[in-house]
Amino acid sequence: MSKVIGQRVTRYDGMSHVTGETKFVDDQVVPGTLTVKALRSPVSKGKIKNLDISAAAKMPGVAGIITAADVPCNAFGLVPDQPVLVSEDIRYRGEAIAAVAAVDEDAAMEALEKIGLDIQEQQAVLDPLESMKEGAPQVRPEGNLQMWDGHDYRQVNLGDVDQAFEQADEIVESTHLHPSVEHAPMEPICSLAVPHAGPKLTVYTVSQALYFHLGMLCGILQMEPGSVQCKQWKAKTGSAWRHNTGYADVNYIGGTVGGGFGGKNDIMADHVAALLALKTGRPCKWRWTRAEDLLYSTFRGAWHITIKDAVTKQGRIIGRQMTSIRDAGAYASLNPYVVEKHCYLGAGPYFIPNVRVRGYCVYTNKPPASSMRGFGITPAAFATEVQLDKIADRLGMDPWEVRLTNAFRKGEYTPTKRVLNSVAMIEVLQNLAAKAGVELPGHLKAMASTQERG
Amino acid sequence: MHTLELTVNGQTCRVEVGLKTTLLEVLRDKLYITSPKVGCNTGDCGTCSVLLDGVLVRSCITNALSVQGKSVTTLEGITEPGDIHPLQKAFHEHYGSQCGFCTPGMILASKALLDVNPSPTRDEVKQALSGNLCRCTGYVKIIDSVLAAADEMKS
Amino acid sequence: MKKIGKGIAAGFYPSGMSGGGDSSQAMVKVQPDGSAVVTVGSCDIGQGCKTIMAQITAEVLGIDYEAVKVVNDDTDNCPLSFGTFASRVTYVDGLATKMAAEDARRILFEIAAVMLECSEDVLEAVDSQIRVKGNPDKSLSIGEVAGAGTFGMRKFILGLGHYMRDPAAMDPETCECDPFCTLAWAASFAEVEVDTETGEVEILRLVNSYDVGKAMNPTHLEGQIDGGATMGVGAAMSENLHPFFPSLEFQPDNLGDYAIPTTMDVPDMESVIYECPSTNGPYGAKGIGEMTANTPGPAIVNAIHDAVGIWITNLPATPEKVLRALDAKGA
């Protein structure tokens, strides 16, 4: 008998929230904290011809400026393709080029204006469908399409889809565009890095994944246990060595986040705050403005999804082909993983014996997209569920019946051949009908996930 | 710099401010009162909401010098040691708070409503909170919390 | 003219995603007074992981929820977690926490077995007591056991738990693999009113139905459902970061222009919960954090079709798009 599980106990940190006692990153007060501001690219694609920080560095109130030359390992991410600060090639509008730490916001903003920046603008590509084409402007040296096992798409192949199309009574096709969507948590991106005597750094972070980012930050800082003296720390640019050590040198403090929704799964401010804290020897806080957060933070990249279904007169979907194109923006972030998850499960909660999914992760000169609540499945759900109603429409069937007819049952398997054992699609639909006041016909009411398909 | 004198949560304070300093900056950066949050700094989200002479304002777009001699109440100001406000109790018991970032502003916006309308309808609560954004809750349990607090305060 | 339509959508969602393994650790320390501290490395982003980990710890140790403290604030003190994403925390951290609490309970039973002069396997932890099953008179308070164990027997009552799924070995051609812990199931029903003059769509009613495995805390669950559905409504009705996609022109840079739902945009919502236990999750639980945002959107789009016969294939369903589609249809 459960005494606590299943009970409506009050929120563990509820009392701290309702009294305002909960401390978010921006609420941490460390005396002497410097304000960080970044110089961002005004163009979507270009080459930096000249970057001159000498005048800015002499401005009153400026404690330190960093550029790409100050970043020990200037490539990070799950696929380490993203620079902390651009050294030469600008790949999106808003990409950070330099960052200033100053005594206050005014001093930081004035210093930014004194940075000499000469950019040779280049032809950008913003449309993923254009970017896929031969001869499109190159977004990144690794190519405009993410590669998987020698293919420029991630594929799922189950059964024989072509044969299913031959056997079908009807073929239903549709194309859908799911737009770019911003997480918009109420707490914007913020990081506070505090250096300590000896090789120690405390980073207050909005991260949703402390350990993930701890490893990544140590990779960027190239910290080795006990061997780094912050103040004499030297830049080692161009190093390919990525073994992440230095956990003893960094403590990541977080765990209480003002909303995330996937928007805080990538390092966005911690690296710059940390580098400036180490360079200046003072606490540095980088709080993004809401405009920066909307314009330059990660988001749910747009999807272009085409579905072609082989359907019988009885409403069974016997084959499904999906071609999905993800606008990833300029860097990998978590995009390849988002596309993989889309491919695994994008065909939806239905037993379709023949499935072919091709998911393309296409790079464009936009800020990097990344994870967002639903991780590749949300846009798939939109496309496939509207498609289900189109099938119903074509066959003159009830939308409930099409779904219940095709819904997964126990023992059936997903397109990646995972056999399912905790299945409740039919029951969840039946409950929905009851709650919505929809009277289902008897044969649909009698269905159950545990019944074998007839 | 100019000298600003104001009352915050019942206590008189004197701070030096510039011409463009906001009330939110005074509260957070000078008085270290951190319940009003920096959510947008453009007056769109309501996480910086405070009461100014009892009226709900967005402190991020309120010029500090415009509150000379006035009285400001933040969430800290309605919390008595060991005796929280019925709205705080209701938000806690009815799960009106998830991540907690919008909560201080949300509770103050609710207080501004209940101070003038002790028996609001559900729609009136929606109207009163329409300038305070929350991305976690879908507002359902926030509205439930306000209505529960109104009931509690009447009895 | 105003026309009413109804629409549905179904979906499923995995708990956890283990392309490269999916790992969380937990520690449960029982204090000399019988209270407990559970330490995990996952973040509370509002979803309520602190509450759920405290509930699991209290359940296993048979103590009050209020007697559990949760620590999750830094990497110096907290054990490894891959992070708060992939609807994984209740499932993966939940399993790690359950294992850690059971490990701590095992140590308590060792101590109590000596004190009660019985074997460990006849003991149970309930109502803040360690007692002999079927013989409630033979019992000790957990505080007595923890105190005596800590000071009298020099025990450190610290339980450890580590749950890690194997990386999904994937076939590169077929993609055959087993990448997730379990699946949860979802469906939504929407009723809308479409104004054919203005193109405006009003959501009159939204009903959500979910399988959650086990409703660990129904209040938290309802909160997640309402919040996710509202995010789904936003994506369906108003949110677009690149309104002139693929161009970056007129990209909203403030929360007035990037219109997330306000109190005025949220329809009346109802939900119904089904519990089809996962085979391996803690108490049968499944993760539902992300799933809740997925089905409301297509249900709304299908309801618009039911009302006026147009397909919105490009979200969000703005009045302009509705009017253009009505024009194209020749209404």
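Colleague: Where in chain C does Pro246(C) lie?
Modeller: Pro246(C) lies in the loop between α4 and β11 (269-274) of chain C. Helices (H or I, at least four residues) and strands (E, at least two) are DSSP runs, numbered from the N terminus. This is a predicted model, in which local features need pLDDT of at least 70 and side-chain atom pairs count only at pLDDT 80 or more, while totals for chains, interfaces and linings use all residues. Residues are numbered from 1 along each chain as its sequence is written, and chains are lettered from A and ligands numbered from 1 in the order in which they are written.

Colleague: What is the peptide bond from Phe245(C) to Pro246(C), cis or trans?
Modeller: Omega there is near 5°, and the bond is cis. The bond from Leu315(C) to Pro316(C) is cis too, with omega near -5°. Pro316(C) sits in the loop between α5 (296-308) and α6 (319-329) of chain C. Most residues other than glycine have a negative phi, and most peptide bonds are trans.

Colleague: What is the phi of Phe250(C)?
Modeller: The phi of Phe250(C) is near 60°, a positive value in a residue other than glycine. Phe250(C) belongs to the loop between α4 and β11 of chain C.

Colleague: Why does Phe250(C) count as exposed?
Modeller: A residue is buried if 20 or more other C-beta atoms lie within 10 Å of its own, exposed if 12 or fewer, and partly exposed in between, with C-beta atoms placed from the backbone. Phe250(C) has 11 such neighbours, so it counts as exposed.

Colleague: Why is Tyr95(B) called buried?
Modeller: Tyr95(B) has 25 other C-beta atoms within 10 Å, and it is therefore buried. Its phi is near 60°, again positive in a residue other than glycine, and its place is the loop between α2 and α3 of chain B.

Colleague: How do you know that Leu85(A) is buried?
Modeller: The count for Leu85(A) is 22 other C-beta atoms within 10 Å, so it is buried. Leu85(A) is in the loop between β3 (62-66) and β4 (89-90) of chain A. Leaving out residues up to four places away in sequence, its contacts (C-beta atoms, placed from the backbone, within 7 Å) include Ile66(A), Val71(A), Asn74(A) and Ile97(A).

Colleague: What makes chain C more spread out than a compact globule?
Modeller: Chain C has six helices and eleven strands. Its radius of gyration is 25 Å, well over the 20 Å that the globule rule gives for 331 residues, so chain C is more spread out than a compact globule. The radius is taken over C-alpha atoms, and the rule is 2.2 Å times the number of residues to the power 0.38. The C-alpha atoms fill a box of roughly 85 × 45 × 40 Å along the principal axes, and 60% of the 331 residues count as buried.

Colleague: What makes α3(B) and α5(B) oblique to each other?
Modeller: Helix α3 (residues 103-116) and helix α5 (residues 140-154) of chain B pack at an angle of about 45°, with axes 11 Å apart. Axes are lines fitted to C-alpha atoms, for helices over the stretch in contact, and angles run from 0 to 180 degrees between N-to-C directions. Angles under 35 degrees count as roughly parallel, over 145 as roughly antiparallel, 65 to 115 as roughly perpendicular and the rest as oblique. The pair is therefore oblique.

Colleague: Which residues of α3(B) and α5(B) meet?
Modeller: Met106(B), Ser110(B) and Leu114(B) in α3(B) meet residues of α5(B), among them Ile142(B), Val146(B) and Met153(B). Ala, Val, Leu, Ile, Met, Phe, Trp, Tyr, Cys and Pro count as nonpolar, Asp, Glu, Lys and Arg as charged, and the others, Gly among them, as polar.

Colleague: Why is α2(B) called oblique to α5(B)?
Modeller: The axes of helix α2 (residues 86-93) of chain B and α5(B) come within 8 Å and cross at roughly 135°. That makes α2(B) oblique to α5(B).

Colleague: How many residues of chain C and chain B does their contact take?
Modeller: It takes 17 residues from chain C and 19 residues from chain B. On the chain C side, helix α4 (residues 218-237) gives the most, with six residues. By class, that side has seven nonpolar, nine polar and one charged.

Conventions:
Two residues are in contact if their C-beta atoms, placed from the backbone, lie within 7 Å.
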